[in-house]
Amino acid sequence: MSNNPASAAIPQRVAIILNGPSDWDEWIEVVKTKAIGGKIWEYVDPSTAKDTLPILARPHIPKANDVNPAKALISALDENEKEELKLLRYNYKHELAAYERQEAALGNLRSYIQETISRTYLIHTFNCETPY
C-alpha cells in the first residue's frame, strides 16, 4: 500500500469482462451506457426483437421534387421553393453528421464488445453486421 495520499485518490479503471451469465447485468449496463452516449441504443437493445429493430439509414439529400413534386430541377423552383430547399439541405447536413456519428458509434461498440468478452464467446460476434 502506498503512503502517497495523491495515488490513493486515483480510481482504478476496471473493465467488466463477460465471462458468463453471472457477468451479464454489469456488462450490459456498461454497453448500454456506451450505446446511449452514441445515440445508438435503440439499434442494439437486446430486449428488442431483431425483426423490430430500427435500421440506421443514411438520410437522403433533398431535391427539387421534395419541395414541389411537379418540379424536378432547381431552376424550375420559384424563390420561396428555393429557400425551402435551402433549409431542407441545411437540415440534411445536420442529419448526415448525426448519421455518421451513429455509424461510427456502432463500429466502436462492436469493437468494445469484442474487447470485453471472453474468448469463449468471441465466436458469437463473427459475421455479425451490427453489435446487436
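This briefing walks through a helix pair and a handful of residues in the structure above. The model is predicted, so local features need pLDDT of at least 70 and side-chain atom pairs count only at pLDDT 80 or more, while totals for chains, interfaces and linings use all residues. Residues are numbered from 1 along each chain as its sequence is written, and side-chain values use heavy atoms, with hydrogens and water left out. Helices here are DSSP runs (H or I, at least four residues), numbered from the N terminus.

**Helices α2 and α5**

- Helix α2 covers residues 24-37 and helix α5 covers residues 79-115; their axes come within 10 Å and cross at roughly 160 degrees.
- The two are therefore roughly antiparallel, a label for angles over 145 degrees, where axes are lines fitted to C-alpha atoms over the stretch in contact and angles run from 0 to 180 degrees between N-to-C directions.
- The crossing of α2 and α5 is right-handed, meaning that the near helix is turned clockwise from the far one by less than a right angle.
- On the α2 side, the contact (heavy atoms within 4.5 Å) is made by W27, V30, V31, K34 and A35, and on the α5 side by L109, Y112 and I113.
- Sorted by class, this contact has 7 nonpolar residues, 1 charged residue and no polar ones; Ala, Val, Leu, Ile, Met, Phe, Trp, Tyr, Cys and Pro count as nonpolar, Asp, Glu, Lys and Arg as charged, and the others, Gly among them, as polar.

**T125 and L122**

- T125 is found in the segment after α6, a helix that spans 119-122.
- Is T125 buried or exposed? T125 counts as buried because its relative accessibility is 10%, and buried means under 20% relative accessible area, exposed over 50% and partly exposed in between (1.4 Å probe, protein chains only).
- The side chains of T125 and Q114 make a polar contact at 2.8 Å; such a contact is a pair of N or O atoms within 3.5 Å, where within protein one must be able to donate a hydrogen and the other to accept it, and residues adjacent in sequence count only if both atoms are side-chain atoms.
- A polar atom of the T125 side chain also lies 2.7 Å from the backbone oxygen of L122.
- Not counting residues up to four places away in sequence, T125 touches R110, I113, Q114 and I117.
- L122 sits in helix α6 and, at 24% relative accessibility, counts as partly exposed.
- With residues up to four places away in sequence not counted, L122 touches Q114 and I117.

- E81 has its place in helix α5 and is buried, at 12% relative accessibility.
- Beyond its neighbours within four places in sequence, E81 is in contact with V67, N68, K71 and A76.
- L85 belongs to helix α5 and is buried, with a relative accessibility of 4%.
- Which residues does L85 touch, not counting residues up to four places away in sequence? They are P62, K63, A64, V67, I74 and L77.
- L85 and N19 are 66 residues apart in sequence, and their C-alpha atoms are 53 Å apart in space.

**Positive phi values**

- K39, in the loop between α2 and α3 (41-44), has phi near 55 degrees, a positive value in a residue other than glycine.
- K39 counts as exposed, at 63% relative accessibility.
- N127, in the segment after α6, has phi near 60 degrees, again positive in a residue other than glycine.
- N127 is exposed, with a relative accessible area of 79%.

Notes
Angles under 35 degrees count as roughly parallel, over 145 as roughly antiparallel, 65 to 115 as roughly perpendicular and the rest as oblique.
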